[in-house]
Amino acid sequence: DDYKDNHHHHLKIPRLALNEMFFAEDDPSRPTVHETSTGETGSLVQRSSGVIVSTGTGSTAWMSSASMVSKPDIARILTAAGLDLSFEELDNVTTRVNSDCVYSPSSKKLQYFVREPVMNGWYGRHDEPLSVSPRRGFTDLIRIKSLGWGETKLIVDGLRTFTVPYGSTVTARIAPEENWLRTVVFD
């Protein structure tokens, strides 16, 4: 809902997000470096392909396709653990694993997903916390600080792009109820 510039001034973004926001480098071939913090996970510096943050309304499209674990990946993990499941059992496990990817549009939580976190020794001994920290979760509030080398962008609902300079922090939370979208049901 707002972000800070290099001088740490709060600047209002002149629109609300209905579905999602995406925080990443302008050049998709360059990983973005960011410090991400939520009330649930604390603060963590990461390199990744970006961070998707969605509302319940936005959880049905890009967020769900990005964050779902595929059936072949689940089968590979279970096989490595020595478990051999039938196709039906594998289907049930896959459904359970992915059951919270799509959630209620009226939820007061945001879902976040760190795309392709880099864990290649770049952080040395600090890679270990990256391997156990959640790539995806739910939160009331998320802060993402730009530590990137290039032009970091915040894209809101795929329609509006904002530059986030180095050292600036984006803060997102669910808007107050008076700003919620209302829908009409026809009987």
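**Entry 1: tryptophan 62**

I began with tryptophan 62, which touches Glu20, Phe22, Ile52 and Arg115, leaving out residues up to four places away in sequence. The model I am reading is predicted. I placed tryptophan 62 in helix α1. Buried or exposed, or in between? I looked up the relative accessibility of tryptophan 62 and found 31%, so the residue counts as partly exposed. I then checked the distance to one of its partners, glutamate 20. The two C-alpha atoms are 8.5 Å apart in space, while 42 residues separate tryptophan 62 and glutamate 20 in sequence.

**Entry 2: the whole chain**

I stepped back for totals. I counted four helices and 12 strands in the protein. Of its 187 residues, 39% count as buried. Among contacts with a separation of 6 or more, 70% are between residues 24 or more positions apart.

**Entry 3: glycine 56**

Next I went to glycine 56. I found it in the loop between β6 (50-54) and α1 (62-67). How accessible is glycine 56? I read a relative accessible area of 1%, so glycine 56 is buried. I listed its contacts, again not counting residues up to four places away in sequence: Tyr103, Ser104 and Pro105.

I turned to helix α3, residues 87-97. Which residues of α3 are buried? I noted Leu90, Val93 and Thr94. They sit on the same side of α3, because they cover an arc of only 100° around the axis. I recalled that an α-helix has 3.6 residues a turn, so residues three or four places apart point the same way. On the other side of α3 I found Glu88, Thr95 and Arg96 exposed. I then asked what covers the buried residues of α3. The cover includes α2 (71-80).

I took threonine 94 of α3 by itself. Its relative accessibility is 11%, so it counts as buried. Setting aside neighbours within four places in sequence, I found threonine 94 in contact with Val69, Lys71 and Ile74.

**Entry 4: α2 against α3**

I looked up the packing of this helix pair. The axes of α2 and α3 are 10 Å apart, at an angle of about 110°. That makes α2 roughly perpendicular to α3. From α2, I listed Lys71, Ile74, Ala75 and Leu78 in the contact; from α3, Phe87, Leu90, Asp91, Val93, Thr94 and Val97. I sorted the residues of this contact by class: seven nonpolar, one polar and two charged.

**Entry 5: positive phi**

Last, I checked backbone angles. Most residues other than glycine have a negative phi. Where did I find positive values? One is at glutamate 116, with phi near 45°. I placed glutamate 116 in the loop between β7 (110-115) and α4 (127-132). Its relative accessibility is 51%, so glutamate 116 counts as exposed. Another is at aspartate 157, with phi near 55°. Aspartate 157 is in the loop between β10 (152-156) and β11 (160-163). I read a relative accessible area of 14% there, so aspartate 157 is buried.

Terms used:
Residues numbered from 1 in each chain as written. Predicted model: local features only at pLDDT ≥ 70, side-chain atom pairs only at ≥ 80, totals over all residues. Heavy atoms only, no water. Buried < 20%, exposed > 50% of the residue type's maximum accessible area, 1.4 Å probe, protein only. Helix = DSSP H or I, 4+ residues; strand = E, 2+ residues; numbered from the N terminus. Arc of directions from axis to C-beta. Contact = heavy atoms within 4.5 Å. Axes fitted to C-alpha atoms, helices over the stretch in contact; angles between N-to-C directions. Parallel < 35°, antiparallel > 145°, perpendicular 65-115°, else oblique. Nonpolar A, V, L, I, M, F, W, Y, C, P; charged D, E, K, R; others polar.
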